[in-house]
Amino acid sequence: TSQILDIERCDLDIKSNSSSHHTELYGEERLIVRRGQPFNIILHLKTGSKEFTPGETSFTLIVETGPLPRKESDTKVSFGLRDSTVDTEWSASATNGPSGNTLTVSISSSPNAPIGIYSLTLDQEGQETSLGQFILLFNAWCPRDAVFMRSETKRQEYVLAQHGQIYRGTYKRIKGTPWNFGQFDQDILDICLKILDDNPKFVSDADKDCSARKNPIYVTRVLSAMINSNDDSGVLVGEWGEFSGGVHPGLWIGSGDILRQWAKSGPVCYGQCWVFAAVACTVSRAFGIPCRVVTNFGSAHDTNANLKIEKFYDEDGESLSNSDSIWNFHVWVDSWMTRPDLEPEFDGWQASDPTPQEKSEGVFCCGPAPLRAIKQGELTKKYDAPFIFAEVNADVVDMVRLSNGKFVTFGGSTKSVGRFISTKAVGSDKRHDITHQYKYPEGSKEEREVYEKAQHHNKLQQQGEEPGLHLKIKLAENMIVGSDFEVYAVLTNNYIEAKTCTFLFFAKAVGYNGKQGDSCGYASDKVEVPPGEERRLSLRLEYDRYGSAITSDRLIQLAAITIDKETIDYHKAEKTIVLDEPDMEIKLVGEATVNQSVTAEMSLLNPLPELLQDCSFTIEGVGLTDGKPVTAEYVNYLSTVRSGFIVKFTPTRVGSSVLLVNFDSDKLKNIKSFINVAVKE
């Protein structure tokens with residue numbers, strides 16, 4: 001007799017599956033599970049249906065994903081019942097519920113299955129019943145998954161944390177900026193899956209692309225191309241100059257807004273490196289790939305791939321243009337996975353960079369490259385290791401072109417690139433320095449060996465403290481934006497005879513990517529320096545002059561140059577200063593209670609000697625502002641007294657969260673702060 005079960009409905013048991021798969025934060029609208037781990041569904045049988053008899057009743061389950069499910073591509077799998085599920089491939093087992101009319105089916109996915117949206121079908125002797133859909137993600141909790149991470153506190157940070165810190169500024173003044181990743185906000189996972197479906201590789205061969213989604217290396221490389229809009233209609237348009245017709249990169253405080261805008265109307269204007277990296281981190285965490293945002297201070301962009309950053313000057317110390325550059329900071333992401341395509345020692349953190357800088361395999365993307373390969377100088381290991389190696393290791397060479405056309409080398413430093421590589425610490429808002437994961441200690445034997453292995457040529461001479469002229473730049477104590485202050489260039493003469501030099505001191509506004517802007521000040525002098533003595537040249541930086549020149553990064557580059565025309569002896573010192581921003585205070589009026597309006601009060605001292613216009617405060621927080629930013633606008637503002645402004649919001653979730661605040665105005669932008677909020681029942 002036939003053993004066909006008559007099924008009334010299927011319960012996907014979302015609540016308890018979400019809890020065991022660490023997916024509760026995505027909400028309970030649908031079943032979202034992680035691969036390589038069993039989940040349960042409950043089949044309710046119609047009254048009068050045959051009962052399930054272990055060993056006698058048999059059926060087959062079919063899972064399918066992508067537009068063209070095929071067995072050969074692992075995008076369609078059929079499997080029958082066993083006594084118990086196994087952890088190496090798709091498998092299922094079944095037991096009767098307490099009353100005869102329910103049946104619990106336990107299904108385990110393969111730890112190597114493609115991620116994405118699946119349909120689940122029951123096949124009984126050719127009679128098919130649809131049981132529903134589920135989304136399958138990478139599983140950092142599963143030892144057989146390529147993204148497995150052993151430590152629970154690290155999984156909490158790198159997969160589940162919804163906000164973090166992104167480090168910016170210069171290595172002397174490292175500033176953490178809070179960011180709302182919001183990977184569990186409504187619609188975000190669907191938008192992340194849409195990114196995969198919009199990628200050119202899917203469009204040209206959907207079957208091959210869906211099958212390759214089993215591999216986090218492939219998914220990470222696709223994301224590094226799709227987060228920027230070069231070559232494809234990816235998420236963000238990069239812009240380092242003119243921001244009209246879009247949002248200034250410094251105004252974003254979370255990824256959700258950007259991703260929703262992209263899903264609605266295509267590439268979003270504008271992003272710079274920390275925005276590209278933050279969005280890549282959101283998408284990676286949404287898919288279940290452990291990910292961290294990394295900042296490299298003094299980041300080299302080596303266009304001719306000779307591992308040297310060459311800077312050319314003419315005899316008057318004016319820079320001759322050249323495409324190599326050093327960015328004050330550059331931000332990318334590290335993702336955690338095994339590298340079965342390489343040797344086992346290259347498992348672990350992999351760097352990838354979604355900011356469009358150079359093409360790789362014909363497309364603007366970069367990585368993933370193993371940190372171990374970058375540290376060891378193993379530059380043949382895929383992908384793009386030489387570019388990332390240069391970002392953290394390139395040597396800087398300054399060259400002057402003399403009037404006879406010859407070049408002489410001067411200045412130069414092997415220490416200015418790749419310092420204080422930073423990411424947010426696990427489980428706290430502190431900065432964690434990971435420079436040692438990228439490179440051996442600066443100046444150590446191993447570091448130079450690695451560099452030479454990468455260079456394959458002569459040892460680079462280290463210059464010691466020798467007779468000669470030494471040039472340094474000294475800064476003022478308080479350099480808050482809006483104030484006037486003095487900086488000094490100090491020239492010391494270590495020769496045994498006096499020296500006469502032309503002394504030049506320039507200040508120019510600069511963007512964080514090293515692009516120079518307008519002049520903010522200039523001083524020059526002809527000095528005679530007796531042996532063993534020093535001479536100073538001071539430069540006063542006045543807000544009237546620098547205020548209109550600086551970008552919202554608030555950076556000014558200082559360069560001092562001395563020229564001894566007799567001996568053609570050039571010296572140069574450079575320093576980039578970050579003007580301090582005013583402190584913003586945030587406090588909540590009363591306690592935050594779920595589903596009740598609460599008022600946040602902000603106060604800010606205007607440090608500028610002029611009125612600010614078009615002021616606004618924008619706040620955002622997971623579970624606090626319902627997934628989208630809330631903005632309060634004030635037309636003109638700001639005498640020099642601290643003023644109080646209020647923004648109201650209604651928390652939707654109980655528990656602890658972080659409220660991020662961004663202040664914007666016509667002359668003072670990008671002022672960010674945050675406050676921890678505990679929402680009560």
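Select S284 to begin, and show its surroundings: S284 touches L223, I289, C291 and S335, leaving aside residues up to four places away in sequence. You will find S284 in helix 8, where a relative accessibility of 3% makes it buried. Keep in mind as you click around that this is a predicted model.

To see the contact itself, select S255, I258 and L259 on helix 7 together with V275, A278, V279, T282 and V283 on helix 8. Colour that contact by class and you get six nonpolar residues, two polar ones and no charged ones.

Most residues other than glycine have a negative phi, and most peptide bonds are trans.

Y270 belongs to strand 13, residues 268-271.

Now jump to K382 and Y383, which are also joined by a cis peptide bond, with omega about -5 degrees. Y383 sits in the loop between helix 9 (371-376) and helix 10. Select D384 as well, located in the loop between helix 9 and helix 10: D384 is not a glycine, yet its phi is positive, at about 65 degrees.

For another positive phi in a residue other than glycine, pick N670, with a value near 70 degrees. N670 is in the loop between strand 37 (655-664) and strand 38 (671-680), and it counts as buried at 5% relative accessibility.

**Inside helix 10**

Return to helix 10, residues 385-393, and select V392. Is V392 buried or exposed? Its relative accessibility is 0%, so V392 counts as buried. Show what surrounds V392 and you will see contacts with N296, W332, I374, V417, G418, I421, Y438 and K439, not counting residues up to four places away in sequence. Try the distance tool on V392 and V417: their C-alpha atoms are 5.8 Å apart, although 25 residues separate the two in sequence.

**Charged side chains**

Side chains of opposite charge can pair when their charged atoms come close. This structure holds 34 salt bridges, and a handful are worth a visit.

Start with E581 and R554, whose closest N and O atoms are 2.8 Å apart in a salt bridge. The pair links distant parts of the chain, 27 residues apart: E581 is in the loop between strand 30 (569-578) and strand 31 (584-589), and R554 is in the loop between helix 13 and strand 29. Both E581 and R554 are buried.

Now select D553, in the loop between helix 13 (543-546) and strand 29 (555-564).

Move on to R431 and D433, whose side chains meet in a salt bridge with an N to O distance of 3.1 Å. R431 is partly exposed, at 33% relative accessible area, and D433 is partly exposed too, at 27%. Another salt bridge joins D626 and K628, at 3.7 Å from N to O; K628 is partly exposed, at 48%. Then select R70, E72 and D207 to see a network of salt bridges.

**A strand residue, then the whole chain**

Next comes E64 in strand 4, residues 60-65. E64 counts as partly exposed at 23% relative accessibility, and it touches P69, T75, K76, I117, Y118 and S119, not counting residues up to four places away in sequence. From E64 to K76 is 12 residues in sequence but 4.4 Å in space, C-alpha to C-alpha.

Finally, zoom out. The protein chain has 13 helices and 38 strands, and 55% of its 681 residues count as buried. Among contacts between residues at least 6 apart in sequence, 66% join residues at least 24 apart.

Definitions and conventions. Residues are numbered from 1 along each chain as its sequence is written. This is a predicted model: local features need pLDDT of at least 70, side-chain atom pairs count only at pLDDT 80 or more; totals for chains, interfaces and linings use all residues. Side-chain values use heavy atoms; hydrogens and water are left out. Helices (H or I, at least four residues) and strands (E, at least two) are DSSP runs, numbered from the N terminus. Contact means heavy atoms within 4.5 Å. Ala, Val, Leu, Ile, Met, Phe, Trp, Tyr, Cys and Pro count as nonpolar, Asp, Glu, Lys and Arg as charged, and the others, Gly among them, as polar. Buried means under 20% relative accessible area, exposed over 50%, partly exposed in between (1.4 Å probe, protein chains only). A salt bridge is a side-chain nitrogen of Lys or Arg within 4 Å of a carboxyl oxygen of Asp or Glu.
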